[in-house]
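Thanks for coming, everyone. Let me put one chain on the screen and walk you through it.

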Amino acid sequence: MTAAEKYHEKFNNLPGGLEWNEVQEILRPYELAMDIERRKKTRTEEPEYKDIPDYGDHMSMEDFVGCCECGGFIDYDGHGYYATKDKTTSITIYPSDIMDNKYRKDFTHVVWFNK
């Protein structure tokens, strides 16, 4: 069973009447497990390249890292895709990946999408 499946099973079987903070506390370990699973997948996934869309911000990895480190981008703001100078992939990257130093170093760019 995947981490996401475990999360949904736990969520669907929560007792009624819980406060939101209680729900968050119960689900937090499952969210962390999903994050670990996602990072493992994205760090080993083979990229499929496609054209960079007209929307989103295409930036160097160096600029993206800088934006994350100074707090300009946080996970709540959106997500990105690893990219090259002229192509993007469908492999996601989040600011928390940068902050935890759990990101791929084999890409030179990111296409960032704000919510």
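Start with the largest pocket. Helix α2 (residues 20–44) gives the largest share of its lining, five residues. A word on terms: helices are DSSP runs of H or I with at least four residues, strands are E runs of at least two, and both are numbered from the N terminus.

Before I go on, some ground rules. This is a predicted model, where local features need pLDDT of at least 70, side-chain atom pairs count only at pLDDT 80 or more, and totals for chains, interfaces and linings use all residues. Residues are numbered from 1 along each chain as its sequence is written, and side-chain values use heavy atoms, with hydrogens and water left out.

Back to the pocket. Which residues line the largest pocket? They are Tyr7, Arg28, Glu31, Leu32, Met34 and Asp35. By class, three are nonpolar, none is polar and three are charged. Here nonpolar covers Ala, Val, Leu, Ile, Met, Phe, Trp, Tyr, Cys and Pro; charged covers Asp, Glu, Lys and Arg; the others, Gly among them, are polar. The volume of the largest pocket is about 220 Å³.

How is a pocket found? Rolling a probe the size of a water molecule over the atoms shows where empty space is left. On a 1 Å grid over the protein atoms alone, a pocket is an open set of points with protein on both sides within 12 Å along at least five of seven lines, whereas a cavity is a set where a 1.4 Å probe fits but cannot get out; lining residues have an atom within 4 Å of a point. Points are joined across faces, edges and corners, and the volume is the space filled by probe spheres set on them.

Now the whole chain. It has four helices and four strands. Along the sequence they read α-α-β-α-β-β-α-β. The C-alpha atoms fill a box of roughly 50 × 30 × 25 Å, taken along the principal axes. Of the 115 residues, 30% count as buried. Buried means under 20% relative accessible area, exposed over 50%, and partly exposed in between, with a 1.4 Å probe and protein chains only. Take contacts between residues at least 6 apart in sequence: 70% of them join residues at least 24 apart. A contact is heavy atoms within 4.5 Å.

Next, the sheet. In what order do the four strands come? The order is β1-β4-β2-β3, in an open sheet with antiparallel pairing. β1 (57–60) and β3 (88–93) stand at the edges with a single partner strand each, so one side of each has no neighbour in the sheet. From one strand to the next, the twist averages 35°. Two strands pair if DSSP finds at least two bridges between them.

Go pair by pair. Four bridges join β1 to β4 (residues 109–114), and His58 stands opposite Val111 in β4. Six bridges join β2 to β4. There, Tyr81 has Val111 as its bridge partner in β4. Three bridges join β2 to β3, where Tyr81 stands opposite Thr92. A hairpin of four residues links β2 to β3.

Helix α3 (residues 61–69) lies across β1, β2 (78–83), β3 and β4, at about 100° to β1. Axes are lines fitted to C-alpha atoms, for helices over the stretch in contact, and angles run from 0 to 180 degrees between N-to-C directions.

Stay with Thr92 in β3. Is Thr92 buried or exposed? Thr92 counts as buried, because its relative accessibility is 17%. Beyond four places in sequence, its contacts include Arg38, Thr42, His79 and Asp97.

That brings us to Asp97, in helix α4 (residues 95–99). Asp97 is buried as well, at 1% relative accessibility. Leaving aside neighbours within four places, Asp97 touches Arg38, Arg39, Thr92, Lys102 and Tyr103.

Two asparagines to finish. Asn101 is in the loop between α4 and β4. Most residues other than glycine have a negative phi. Asn101 has a positive one, about 55°, although it is not a glycine. Asn101 is partly exposed, with a relative accessible area of 48%.

Asn13 is in the loop between α1 (3–12) and α2. At 58% relative accessibility, Asn13 counts as exposed. How far apart are the C-alpha atoms of Asn13 and Lys85? They are separated by 46 Å, and the two residues are 72 apart along the chain.
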